[in-house]
Amino acid sequence: MRHLILGSASPRRRELLQRLGIEDLEVRPANVDEPHPEEVAPKDMALFLARHKADALLPGLSEGDLLLTADTVVLLDDQILDKPVSEEDARDHLRRLSDRSHRVITGLVLTDGTQTIERSVETEVSFAPLTEDDITYYIRHCHVMDKAGGYGIQDWIGLAAVDRINGSYTNVMGLPTAEVYGALSHFL
């Protein structure tokens, strides 16, 4: 396996890659603004942002390196629910997701500077009804501020309130591992 650079600060993405058996892994966050241009449709935003991160990191790539960037968005009624900026914002996100289905889309870019593979993976997630007590418990006991949509499926809420999932579970965590594994095989 070639040296893989993960262009993300996400501990979940790093953990998922390590669980795939990738040992030669370097974390190198892109540290770029994440613009949301109006001309980019919400369903295309995750791939747009993954490309943006890849473009920022590509100049620092050494020969033989592989670069993986990714971004995840949560869409409810074709509106992006970003990472919450406050506790009240997190409450609003969770109230809106309660007793509803939404889409989680992760865009990923894998490149060696010559060849590039891009993917966009979508998963449908359905929540059971959430009470105000459920929402308060979740916000007080889990880290919600660093997660798209204000929740992590691997957290308490995934155990207690996710009714159904159609698609990749790891995609909802932020990295569709089966897609990544398949894309990596093109570079061996």
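**Strand β3 and its surroundings**

In strand β5, Leu108 is the bridge partner of Ala70, and this pair belongs to a set of nine bridges that join β3 to β5 (residues 101–111), the two strands running antiparallel. The model is a predicted one, in which local features need pLDDT of at least 70 and side-chain atom pairs count only at pLDDT 80 or more, while totals for chains, interfaces and linings use all residues. Residues are numbered from 1 along each chain as its sequence is written, and side-chain values use heavy atoms, with hydrogens and water left out. Helices (H or I, at least four residues) and strands (E, at least two) are DSSP runs, numbered from the N terminus, and two strands pair if DSSP finds at least two bridges between them.

**Other partners of β3**

- Strand β1 (residues 4–6) pairs with β3 in the parallel sense over three bridges, and Leu4 stands opposite Leu66 in β3.
- Strand β4 (residues 79–80) pairs with β3 in the antiparallel sense over two bridges, with Ile80 as the bridge partner of Leu75.
- β3 and β4 form a hairpin with two residues between them, and Asp77 in the turn has a positive phi of about 55°.

**Burial of β3**

- Strand β3 covers residues 66–76, and eleven of its eleven residues are buried, where buried means under 20% relative accessible area with a 1.4 Å probe, counting protein chains only.
- In a regular strand the side chains alternate between the two faces of the sheet.
- Leu66, Leu68, Ala70, Thr72, Val74 and Leu76 point one way from β3, whereas Leu67, Thr69, Asp71, Val73 and Leu75 point the other way.

**Nonpolar cores**

- A nonpolar core is a set of buried Ala, Val, Leu, Ile, Met, Phe, Trp, Tyr and Cys residues joined through side-chain atoms within 4.5 Å.
- The largest such core has 40 residues, of which Leu4, Leu17, Leu68, Leu94, Phe127 and Tyr151 touch the most other members.
- β3 gives the most to this core, with five residues.
- Apart from this core lies another, of nine residues, among them Ile5, Leu61, Leu67 and Val109.

**Helix α2**

- Helix α2 (residues 45–57) has 13 residues and reaches 19 Å from its first C-alpha to its last.
- Among the buried residues of α2 are Met45, Leu49, Lys53 and Leu57, and what covers the buried residues of this helix includes β3, β4, β5 and β6 (116–127).

Definitions and conventions:
Buried means under 20% relative accessible area, exposed over 50%, partly exposed in between (1.4 Å probe, protein chains only). The expected span of a helix is 1.5 Å times one less than its number of residues. Contact means heavy atoms within 4.5 Å.
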